[in-house]
Structure formats: structure tokens, C-alpha cells
Amino acid sequence: EPTFRPATAADAVAYFGGPPKMSFRGFVAELDGEIIGIGGVYYDNGVPIAFSEMREPMRRYRKARAKACRILTRFFDQLGGKVYAVACPTEPTAAALLAKLGFVPTGLFGLHGETLVRG
């Protein structure tokens, strides 16, 4: 089973292959020393934007994915205020996951789709 811990800048480099483009706070899912998932919020002009991404090995661990959702929900609650998100159009489970995490439509559309908000 994957384990979860707070993400570091080094984790982002390992996962994305380079330094993050924006400041972020979040968590990683680790399996046998490899980061197989990352999620949290990045800040765009001080606005918290939720993100998550997983690699194929993480898809095999349904309970771990559910745990990741609980971790992110608690994290968003601790941040206080609003957190924004956009469902990834290439990830079939993105819209349902964001709804499960409490995000609702705003009616505002941008380059990547509709902006959702939580809080």
C-alpha cells in the first residue's frame, strides 16, 4: 500500500521532472520509494488552486485513493476560505472526484474549463 506524507520541493522535482512553476503545499503518495501521486494546492497570485495527479500504479489502490481524498479534504478545510479547481478534461474521474471533495460550479469558464469552488 502507498504511504502518504507532506510533499517537498524535491518530491515535485522527482514527480514532474523539474521544479514546480508555482508555490505549492500538499501531499505525496509513495510506494517503494517512488512518488506515484501528488496533490494539494498551488498559489496563483495568492489564490489557492487545488490539484492532484497520479501515476498508473496508484490506480490499483482504491483504498489509498479514498484515503488521499480524506487527506485533501481535511487539508482544504484547514486552509480556511475558498479553494478553486478545474476538472482535468483528460482524467475521466476528475469531475466526480472534485464534486466528492465539495467543489461546486461557479459558472465561470476559462481556457481549461469551468472554475469550481469549495468553501
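Which helix holds Lys-100? Lys-100 is found in helix 3, which covers residues 94-100. The legends below describe a predicted model, in which local features need pLDDT of at least 70, side-chain atom pairs count only at pLDDT 80 or more, and totals for chains, interfaces and linings use all residues. Residues are numbered from 1 along each chain as its sequence is written, and side-chain values use heavy atoms, with hydrogens and water left out.

**Figure 1. Overview of the protein chain.** The protein chain has three helices and seven strands; these are DSSP runs numbered from the N terminus, with helices being H or I of at least four residues and strands being E of at least two. From the N terminus on, the order of elements is β-α-β-β-β-α-β-α-β-β. The C-alpha trace spans about 40 × 30 × 30 Å along its principal axes. The radius of gyration is 14 Å, which agrees with the value near 14 Å for a compact globule of 119 residues; it is taken over C-alpha atoms, and the globule rule is 2.2 Å times the number of residues to the power 0.38. Of the 119 residues, 34% are buried (buried means under 20% relative accessible area, exposed over 50%, partly exposed in between, with a 1.4 Å probe and protein chains only).

**Figure 2. The positive surface patch.** Arg-62, Lys-67, Arg-70, Arg-74 and Lys-100 form a positive surface patch. Patches are made of residues with over 30% relative accessible area and no salt bridge, like charges being joined within 9 Å and nonpolar side chains (Val, Leu, Ile, Met, Phe, Trp, Tyr) within 5 Å. Lys and Arg count as positive and Asp and Glu as negative, while His and the chain ends are not counted. The place of a charge is taken as NZ of Lys, CZ of Arg, CG of Asp or CD of Glu. Helix 2 gives the most to this patch, with four residues. Lys-100 counts as exposed because its relative accessibility is 67%.

**Figure 3. Ala-66 in helix 2.** Ala-66 sits in helix 2, which covers residues 62-79. With 30% relative accessibility, Ala-66 counts as partly exposed. Between Ala-66 and Leu-97 the C-alpha to C-alpha distance is 9.9 Å, although the two are 31 residues apart in sequence.

**Figure 4. The salt bridge between Arg-5 and Glu-30.** A salt bridge joins Glu-30 to Arg-5, and their closest N and O atoms are 3.0 Å apart. Because Glu-30 lies in strand 2 (residues 24-31) and Arg-5 in strand 1 (residues 3-6), the pair ties together parts that are 25 residues apart in sequence. Arg-5 is partly exposed, at 27% relative accessible area. By the rule used here (a side-chain nitrogen of Lys or Arg within 4 Å of a carboxyl oxygen of Asp or Glu), the count comes to five salt bridges.

**Figure 5. The salt bridge between Glu-56 and Arg-59.** The side chains of Glu-56 and Arg-59 meet in a salt bridge at 3.5 Å, N to O. Glu-56 is exposed, with a relative accessible area of 57%, whereas Arg-59 is partly exposed at 32%.

**Figure 6. The salt bridge between Asp-77 and Arg-118.** Asp-77 forms a salt bridge with Arg-118, with 2.8 Å between the closest N and O atoms. This pair links distant parts of the chain, since Asp-77 is in helix 2 and Arg-118 in strand 7 (residues 113-118), 41 residues apart. Asp-77 is partly exposed at 49% relative accessibility, and Arg-118 is buried at 12% relative accessible area. Elsewhere, salt bridges that share partners join Arg-5, Asp-11 and Glu-30 into one network.

Terms used:
Accessible areas come from the Shrake-Rupley method with a 1.4 Å probe; for residues, only the protein chains shown count as cover.
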